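Here is a briefing on one structure, grouped by topic. Look over the sequence and the fold before reading on.

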Amino acid sequence: MDYKIEEIASILIQQIKGYEPELEVETESRGTVTYVGDGIARARLEGVMAGELLEFPGGVYGMALNLEEDSVGAAILGPYFHIKEGDEVKRTFRIMEVPSGEALIGRVVNPVGLPLDGKGPVNPSAYRPIEHPAPGVVQRRPVHVPLQTGIKAIDSMIPIGRGQRELIIGDRQTGKTALVVDTIINQKGQDVICIYVAIGQKASTVAGVVQKLEETGAMEYTTVVAANAGEPAPLLYIAPYAGCAMGEYFMYEQHRDVLLVYDDLSKHAVAYRELSLLLRRPPGREAYPGDIFYLHSRLLERAACLHESLGGGTLTALPIIETQAGDVAAYIPTNVISITDGQIYLESDLFYAGQRPAINVGLSVSRVGGAAQLAAMKQVAGHLRLDLAQYQELAAFAQFGTDLDKATQAKLTQGARMMELLKQGQYRPMPVEEQIAVIYAGVNRHLDDIPVERVGAFEEGYLRFLHSSYPQVLKNIRERKALDEETQALLDKSIAEFKKSFAQPDDEVQ
Ligand SMILES: Nc1ncnc2c1ncn2[C@@H]1O[C@H](COP(=O)(O)OP(=O)(O)OP(=O)(O)O)[C@@H](O)[C@H]1O
Ligand SMILES: [Mg+2]
């Protein structure tokens, strides 16, 4: 046979040109369920992303958590009794998302965004992934605007800045929820969107909070995300991330200020422990899985005060942790203490002794909030925290009935009145200018000659008097934000004047 080299070459070249690879580019998007139970499913499925939504029969979704070589462990986010071994499961190629945007303001929803308030469907304008990377260092700026809680003891001694993370920690029934609810109520007119995430609480408790927020008009700028005690662990687990995603929308897209409350992360950790053990992850310290620290740090790192170059906007986080018998050294409390920028420590002893809010001044701190505190507040309350911590030590010592020198006695007299002054009823947040006026009276020893039990009455009467006779004092503080000599003189004058009319208990006629 006679072959020509050129001919062979041209045939080969043509064949190569015409070659089309027949590669299987699409990975399998369907698989089968191999195990189901306790809200957990295992499925044979490949190429799944961490946190991807999987679709089970009956339109029930699950979230992929464990990615193993030949199977996937998923948490089922809904009723799962109809799902059986051998059922088909589909990939959605979507990471878990929640509805976000204005439509959620004023609503009570569950962690996947379904309404719980009977006010009809939520029609969201946007969706956001529940997991989102936290902004880096260069995308942030230090906190510089105060988040006024309206609570005297906090705004004066443990100030919180917008974008900060401040932990609220204490035993059960010490007024933790009361603090955050008052803070939300105090945001009225402050242009702060509030998101209250209730994790593992009784439905009746959450209903009580919602009712209070409605009564005070706070629902107008608040979203409540509730995963109550009866719900399956996966829902409790995603609740804080879902709330955070809803808040991020307002920070990133609208550059607004957001306040997020997680009530509480102890129950969140327990839900995660349950979920992890069901997924057969090895337990570690106190039977929590090894990544429990990462669980809370990646959530709280998302709180931020965004840099101007990104348009600004802040997300303040107030996580709550419940301790057992005051043990702040347990695993979860120490984790969250180390993640946050400070803690407000509430104590049962103080609570039962009538000191409410029951804040332990010595153990509470806000490491960054001072930078955002109003100058006028800094002027009057700069030394208050140390003075009161000192007072508490002295008071314990003085109980032994030792002879006390004049200076110590004076400290005790003033300290007792300051402690009394810092008491505050529930649902009664106080505007910062009023706080400054009454704390000014206390630290400048104008209350020393008033009996301790009359301090509360003095405070109330004096504020009423200020509003009616010296409204310019409050206006000055509000507008100038610092105490100038003129305002200080007016404060002194008004206090002296009011004291004259402030009846002593014996000759009180009302
Ligand atoms: N400042 C306050 N003045 C008077 N009562 C208060 C004050 N703060 C809280 N309380 C009352 O104390 C009780 C416990 O408060 P709260 O529910 O806020 O505590 P908690 O620490 O969140 O409790 P739990 O551990 O059950 O969640 C409530 O009955 C509440 O009304
Ligand atoms: Mg509570």
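Six strands close into a barrel with antiparallel pairing, in the order β1-β2-β5-β4-β3-β6. The twist from one strand to the next averages 45°, taken between N-to-C axes fitted to C-alpha atoms, on a scale from 0 to 180 degrees. This is a predicted model: local features need pLDDT of at least 70, side-chain atom pairs count only at pLDDT 80 or more, and totals for chains, interfaces and linings use all residues. Residues are numbered from 1 along each chain as its sequence is written, while chains are lettered from A and ligands numbered from 1 in the order in which they are written.

**Barrel strands**

- Helices (H or I, at least four residues) and strands (E, at least two) are DSSP runs, numbered from the N terminus. Two strands pair if DSSP finds at least two bridges between them.
- Strand β1 (residues 30–37) runs antiparallel to strand β2 (residues 40–44), with five bridges. V36 faces A41 of β2.
- Strands β3 (residues 52–56) and β4 (residues 60–67) form an antiparallel pair over four bridges. Here L53 has M63 in β4 as its bridge partner.
- The hairpin of β3 and β4 has three residues between the strands, and G58 takes a positive phi near 80° there.
- β4 also pairs with strand β5 (residues 72–76), antiparallel and over five bridges. G62 has its bridge partner, I76, in β5.

- Buried means 20 or more other C-beta atoms within 10 Å of the residue's own; exposed means 12 or fewer, and partly exposed lies in between, with C-beta atoms placed from the backbone.
- In a regular strand the side chains alternate between the two faces of the sheet.
- β10 pairs in parallel with strand β16 (residues 342–346) over four bridges. L167 is opposite Q343 in β16.
- β10 is also parallel to β15, with three bridges. I169 is opposite I321 in β15.

**Helix α7**

- Helix α7 (residues 292–300) buries I292, L295, H296, L299 and L300. They lie on the same side of α7 because they cover an arc of only 110° around the axis, counted from the directions from the helix axis to the C-beta atoms.
- These buried residues pack against α5 (233–253), α6 (265–278), β15 (314–322) and α8 (331–339). Contact requires C-beta atoms, placed from the backbone, within 7 Å.

**Ligand 1**

- Of the 14 residues around ligand 1, the nearest are R172, G175, K176, T177 and A178. A residue is near if its C-beta atom, placed from the backbone, lies within 6 Å.
- Helix α3 (residues 176–186) gives the largest share of the shell, three residues.

- Most residues other than glycine have a negative phi, and most peptide bonds are trans.
- A cis peptide bond links D263 and D264, with omega about 0°. D264 sits in the loop between β13 (257–263) and α6.
- Another cis bond joins R356 and P357, with omega about -5°. P357 is in the loop between α9 (348–352) and β17 (365–366).
- F93, not a glycine, has a positive phi of about 65°. F93 belongs to strand β6 (residues 88–95) and counts as exposed, with 11 C-beta neighbours inside 10 Å.
- K481 has a positive phi near 65°. K481 lies in the loop between α15 (471–480) and α16 (485–501).

Terms used: Contact = placed C-beta atoms within 7 Å.
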